[in-house]
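The stops below can be selected one after another.

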Amino acid sequence: MRNDHLHTVVKLLAAFLTISLSTVVAAVVMGHDPALVTSAVWIRTPLVAASAAVLLFLARRAAAGDRGSFRRLRIISIVVLAAIVGVVAWPNAFPAWLRVEQAVCGVFMLSVAVRTNLRTVRSSMEPGSAASAPTAVAARKPGA
């Protein structure tokens, strides 16, 4: 990984995925209490875990120099951040424990959104930059 910011983004998203999967497990464990695990929790938690997995996949590809994955990562991270802000800000829509968990995840996603939109990171992913070189090298066949 050539870009330190993208390396950090991969770590942040790995933590986000870990927290999201732990939240799904917590929902299963507390599932007997409908006050703690509402239908909204059953819907939201697997979706968040799935989005975290997709974001981590994109971040790893972006860190390897894939510009398309980097573009998708930038867009999806902002959308996920906006959804998290909505969950945290919407009173009584979700139990307090999930809103706290989402606030923690929001800090991770804010950092991802900021880092992926830094000018230095964006410019490192432009065609011809050093960060995009591994993709071009990998595309060549050996002995050609």
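In which helix is S77 found? Select S77: this residue lies in helix α3, which covers residues 67-89. The model is a predicted one, so read each stop as a description of a prediction. With a relative accessibility of 0%, S77 falls under the 20% limit and therefore counts as buried. Now show the side chain of S77 and the backbone of R74. The S77 side chain reaches the backbone oxygen of R74 at 3.0 Å.

**The whole chain**

Zoom out and colour by secondary structure. The protein contains six helices and zero strands. Read from the N terminus, the order of elements is α-α-α-α-α-α. The protein has 144 residues, and 37% of them count as buried.

**α1 and α2**

Select residues 4-29 for helix α1 and residues 39-63 for helix α2. The two axes come within 8 Å and cross at roughly 160°. An angle over 145 degrees counts as roughly antiparallel, and α1 and α2 are therefore roughly antiparallel to each other. Their crossing is left-handed. Sorted by class, the residues in the contact of α1 with α2 are 23 nonpolar, three polar and one charged.

Keep α2 selected and check its length. How far apart are the end C-alpha atoms of α2? They are 37 Å apart. The 25 residues of α2, at 1.5 Å a residue, should span 36 Å, so the two values agree. Next, step past the end of the helix to G65. This residue follows α2 and has a positive phi, near 105°.

**α1 and α4**

The crossing of α1 past α4 is left-handed. By class, this contact of α1 with α4 has 16 nonpolar, six polar and two charged residues.

**α3 and α4**

At what angle do α3 and α4 pack? The angle is about 150°, with the axes 9 Å apart. That places α3 and α4 over the 145-degree limit, so they are roughly antiparallel to each other. α3 passes α4 in a left-handed crossing.

**The loop between α3 and α4**

Now select N92, which is found in the loop between α3 and α4. Is N92 buried or exposed? N92 has a relative accessible area of 76%, over the 50% limit, so it is exposed. Check the backbone of N92 as well: phi is near 65°, a positive value in a residue other than glycine.

Move along to P95, which is also placed in the loop between α3 and α4. P95 has a relative accessible area of 10% and is therefore buried. P95 and A35 are 60 residues apart along the chain, and their C-alpha atoms are separated by 7.5 Å.

Note on methods: Residues numbered from 1 in each chain as written. Predicted model: local features only at pLDDT ≥ 70, side-chain atom pairs only at ≥ 80, totals over all residues. Heavy atoms only, no water. Axes fitted to C-alpha atoms, helices over the stretch in contact; angles between N-to-C directions. Helix = DSSP H or I, 4+ residues; strand = E, 2+ residues; numbered from the N terminus. Parallel < 35°, antiparallel > 145°, perpendicular 65-115°, else oblique. Left-handed = near helix turned anticlockwise from the far one by under 90°. Nonpolar A, V, L, I, M, F, W, Y, C, P; charged D, E, K, R; others polar. Expected span 1.5 Å × (residues − 1). Buried < 20%, exposed > 50% of the residue type's maximum accessible area, 1.4 Å probe, protein only. Polar contact = N/O pair within 3.5 Å; in protein donor to acceptor, adjacent residues only side chain to side chain.
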